[in-house]
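Dear colleague,

Please find the structure below, handed over for your work. My notes on it follow directly after.

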Amino acid sequence: MRSSPVAPPAGTWRRRGVGRWADSLFALFAALSGVLILLTLAYMVISTTGTALPVFGSQGLAFVTSSEWSPKNGKFGALAFIYGTFTTSVIALIIAVPLSLGVSLFLTEYSPRRLKGPIGYAVDLLAAVPSVIYGLWGVFVLLPLFLQPAADFLAKYLGFIPIFKGPPSGISYFGAGVILAIMIIPIISSLCREVFATVPDDERQAAYALGATKWEMIREVVLARGRAGVISAVMLGLGRALGETIAVALLIGSKVSIDASILKPGYSMAAVIANQFQEATGEHIRALVGIGVVLFAITIVINMAARALAWRFSRP
Amino acid sequence: MSDRTLPISDSAGALGERWAGGRLGAGLSLRDCRPTRRRVWRDRRNKALVILAVLITLLPVGMILYHITSKGLKTMDWEFLTSPMPLSFRRAGGGFLNALVGTVIMVGLAAAVSVPLGIMAAVYLVEYGKRNWLAKVIRFFSDVMTGVPSVFVGLFVYTALVVQFGFGALMGAASLAIIMLPIIVRSTEEMLKLVPQELKDASLALGAAKWQTVVKVVLPSAAPGIATGVMLAVARAAGETAPLILTALGSYQLTAKLWGEPMSALTLAIFDGARNPFAAGQARAWAGALELLLIVLVCTIVARVIASRSRIKR
Amino acid sequence: MHLVRKVRQHLFKESLARLRKGLGRRVVLTVGSVILATLTIAFISGCGGNSELPTASSTASTATSVPATSPTSAPSTSAAATGASVTATPALAGSLNGAGATFPEPLYVEWIGEFQSIHPGVTINYQGIGSGGGIEQFSKLTVDFGASDAPMKDEEIAKAEQVSGAKVLHIPTVMGAVVLVYNLPNVEELKLDPDTIAGIFLGEITKWNDARLAALNPGVALPDKTIQVVHRSDSSGTTNIFTGYLTQVSKEWADKVGKGKEVDWPVGLGGQGNDGVAAVVQQQASSIGYVELSYALESGLKMATLKNKAGNFVTPGLQSTSAAAEGVTFPDDLRFSLSNSAGPQAYPIVGATWILAYDKMKDPAKAEILKAWLNWALTEGSPLAGELKYAPLSEELRKLALEKVAAISAF
């Protein structure tokens, strides 16, 4: 009688020559593949930080607190780019979160069954479109059709508010923010859809039973239950927006400056890396790598916080 | 009490009817508990807002598809698909062949490296590691890696490889592989988890070694799901631009040289076209965008078709 | 034992059958074979000497950007390895790498194309990355020749000569005009003078219908819109020419901003390269920017007519550009400025562009190719320059330039 139902008879190994090493080798190979991911990530961090270290050393804290970026003078202050990244991402969130919530609520609560598939599909299609195509479309179609008129409108009627001060430009924080919003809507909405789908139906019915209108049910049950998940989805969308390069590079205006008005051109961390990399040499390149490191750090922190939240949420 | 049925809380009303027989005591029924007009109005308004949100979101989808198709089709023809770029952007004619070849080569190489490695890593996570600390760490950092900005991956490959060896297709492929790897690991892991334990037990019981079980039973069963994940990763890699700017650089030449010489890619060519004032260059960019979009959409749709057709049944 | 083996074989056969039937497996197979095929093609062609697949059109081209240098890399030498092997036979063969200004890029591309069709064994790679980048690459010896619309400064020359051990030669090739392009659909002709240009780019004149602009353009309906300024975001010789002109004609500009390949622009959006600026002006309504004449003509943008030193309004073009070079004395090292010339019909913002070369190059074959190309370009290439509206050099200047070319040799 064999000791365990799954232990293979020892004799077969020797006979067939499939050594007892085969299993261990295979397991080792699998484990190494997994470890490779960790090693790659570690090497990524070490290599880039190492390259950027001289610049961090020579600039000190001014690297992130100063907005003077002048490669020929050896001055590398990345504050303008950090500001631009955050501003465009915030604008994108302000636009995208309500729209994503609306879309996901529609798909989980309101939509008739027939529409659910096609509309969900169409929104997910937005996620599949590569960012360079967003950039191309944004510059040649969205800019004249919507961004410039909207910017003109905001400056004309709301220009007394500092963030809308003119002269307005479609190619600005605002323009980049709008295109980023379109790009992160599918991410946020698909995650929210998953979150809302896990809300148990009897809680919904309980709300109805207590006389709630549909919206009240949504507010009290779905949104309340899914709050952590929604926040986590929003943060993941934010992480994506922070790292987006191409569409922003084409629509932000490539101006190294900090401006309170969102209708003015600016710059972002990822965009400056993409734009200035090709003609940069020596210390300039190290500074750009340094910006990459800062961007990476910010994105990782936000992503990890989002996943921690989602993890907490998934354990009721 | 009117007989008008409230559209919203009808379920509450109906429930009430069934339970309380329409009565809640002295002459009262749940139907009397109608929401105030204000609540009804708010409910209707929010419904309208939600529908408005959907319409606003669908607008860009439609516009992007429409514009790319209409502008791209104008320039897309056989010459476009089969000839390399002309010497300068201002010249009409020519095509994006070198860009297409570049994308195919780099994505192909990246897949050749990341697919086996990713599958093996997922095998480790599901079959060997399961819940031990190494598996948890790998899972966590895989998730972290999916969120790394692609431009940072490009910077890393630049500092690690390009500085030593120059720009080239291999470097571009390396950066794409790093981007694809965590996606493949996570999606393969999900698929492998769905393979029924009984299948694996049966195989082991019949004398197969663990590695044989994995290779000949588990992986083939999960193959459709794995293929889905791979297709999605390929679609993602085909659409990446930023890492390629820093590693493959882009060029006008139709080349298959893997290192030492910059290589073009579809995304890079479109990016240059977008920063171009010349009508000919822009026309080619639109056609290139159509080409890229078709590739990406085909990959995504094929992935979904595979996933829906061959779901593993428990 | 036999039983176990038989069962195992049966199990494998079953799983094989399942694989055969499985749709997913088919897809994986196809994807795998495509990848394999690609790899095979790549390795076969990559392992061969010359990487380029035969194409009908000329093989060399301008790359879109440059291998950025770092302390240790030398991408140009590896790129040189891809060209056909260098021979000492009369037929010119080999490859050459250059990088620099986008100002003359359209012309250099045409010159390269023509020259390569005459000498099929030659590959010349020119990358338009801006004059600043060109000077950098040239100084670090990562390219064989540089190109810049801004002559190298003394410190830059000293650095380059120290690294290379050879003297730097400035070889003027053509003259070009920096024009002001604008995007106003209903305004066919726009007249500007030094004060208004400085005012616009300083951010003092913010609307098109400003009184000063209206005074210069009587009868033209200038809209009540904000002027969107566009400038270069990279280090540029075109910027150097433009800001050089502004520094000459406007004291305020000289005090506040100054001249250089990169300046701190008071207002405006950035565009990458001449084509980037032209693209932004094209895309952004009510904008104005400065580009080289050829870009304006090819992209269909409208150009402003400028008032020159003599007080006449001059349209940018071939003749007004050539007129700017009359009466200028050229120093020995051929580093000169042509802006704000005194000629009556001279266009005020004109600059020459130089090829930067070392008088002693490490590779004799490359020196040969460079000399042959420059000689050809300065003599037989001038009609091509005229076609693209670059002004060819005057006879006197051409002679001086050819003398410099003759000085190129190898160690």
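This is a predicted model: local features need pLDDT of at least 70, side-chain atom pairs count only at pLDDT 80 or more; totals for chains, interfaces and linings use all residues.

Most residues other than glycine have a negative phi. A:S254 sits in the loop of chain A that runs between α11 (246–251) and α12 (269–276). With 28 other C-beta atoms within 10 Å, where 20 or more are required, A:S254 counts as buried. C:N340, likewise not a glycine, has a positive phi of about 55°. Its place is the loop between α13 (318–323) and β12 (350–358) of chain C. C:N340 has 19 other C-beta atoms within 10 Å and is therefore partly exposed.

In chain B, helix α5 (residues 133–146) has 14 residues, which at 1.5 Å a residue should span 20 Å; the end C-alpha atoms are 20 Å apart, so the two values agree. The buried residues of α5(B) are B:I138, B:R139, B:S142 and B:M145. Because these residues cover an arc of only 130° around the axis, they lie on the same side of α5(B).

Finally, the contact between chains C and A takes 27 residues from chain C and 26 residues from chain A. On the side of chain C that touches chain A, the elements giving two or more residues are α5 (131–139) and β7 (269–271) of chain C. By class, that side of chain C holds seven nonpolar, 16 polar and four charged residues.

Yours sincerely

Definitions and conventions:
Residues are numbered from 1 along each chain as its sequence is written. Chains are lettered from A and ligands numbered from 1 in the order in which they are written. Helices (H or I, at least four residues) and strands (E, at least two) are DSSP runs, numbered from the N terminus. A residue is buried if 20 or more other C-beta atoms lie within 10 Å of its own, exposed if 12 or fewer, and partly exposed in between; C-beta atoms are placed from the backbone. The expected span of a helix is 1.5 Å times one less than its number of residues. The arc is that of the directions from the helix axis to the C-beta atoms. Two residues are in contact if their C-beta atoms, placed from the backbone, lie within 7 Å. Ala, Val, Leu, Ile, Met, Phe, Trp, Tyr, Cys and Pro count as nonpolar, Asp, Glu, Lys and Arg as charged, and the others, Gly among them, as polar.
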